[in-house]
Amino acid sequence: MSDQLSRVFAALSDPTRRDIVARLTEGDATVGDIAAPYDVSLQAVSKHLKVLEDAGLVTRSREAQRRPVHLEAEVFDLMTKWIERYRRQAEERFQRLDAVLAEMDESDHEDDRPQEGTAS
């Protein structure tokens, strides 16, 4: 996958990685902190973090002996813009459908009214 949007969606297709991202919204954490609640090895968590890092969702810095993992929240703007574009298009289609249905409903009610000069 070459584009970042595809890498981001692919990275977030895994529930463990989504959980890691959710936990990082609360603040930076070390690999050990991130791995603590999971029943997997540090190496497995590191692999998940590598996928998230390659997608641009997280970065790692060096602070003395620690390498805290930081969530790059601005990547979500890319996803939000993509989702919003298609959400808006779908909403416009539903509004056009609502308008057509309203016109059909009005025309049905007009047909039900007694016509002038006719016996009811």
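The model is predicted: local features need pLDDT of at least 70, side-chain atom pairs count only at pLDDT 80 or more, and totals for chains, interfaces and linings use all residues. Residues are numbered from 1 along each chain as its sequence is written, and side-chain values use heavy atoms, without hydrogens and water.

The protein chain holds five helices and two strands. Their order along the sequence is α-α-α-α-β-β-α. Helices (H or I, at least four residues) and strands (E, at least two) are DSSP runs, numbered from the N terminus.

The C-alpha trace spans about 95 × 30 × 25 Å along its principal axes. Of the 120 residues, 23% are buried. Buried means under 20% relative accessible area, exposed over 50%, and partly exposed in between (1.4 Å probe, protein chains only).

Two aromatic pairs turn up in the whole structure. One is F9 with W82, an edge-to-face pair with 5.4 Å centre to centre and 65 degrees between the planes. The pair links distant parts of the chain, 73 residues apart. Rings of Phe, Tyr and Trp (its six-membered ring) pair if their centres lie within 6.5 Å; planes under 30 degrees apart count as stacked, over 60 as edge-to-face and the rest as tilted. Ring pairs join F9, W82 and Y86 into a cluster.
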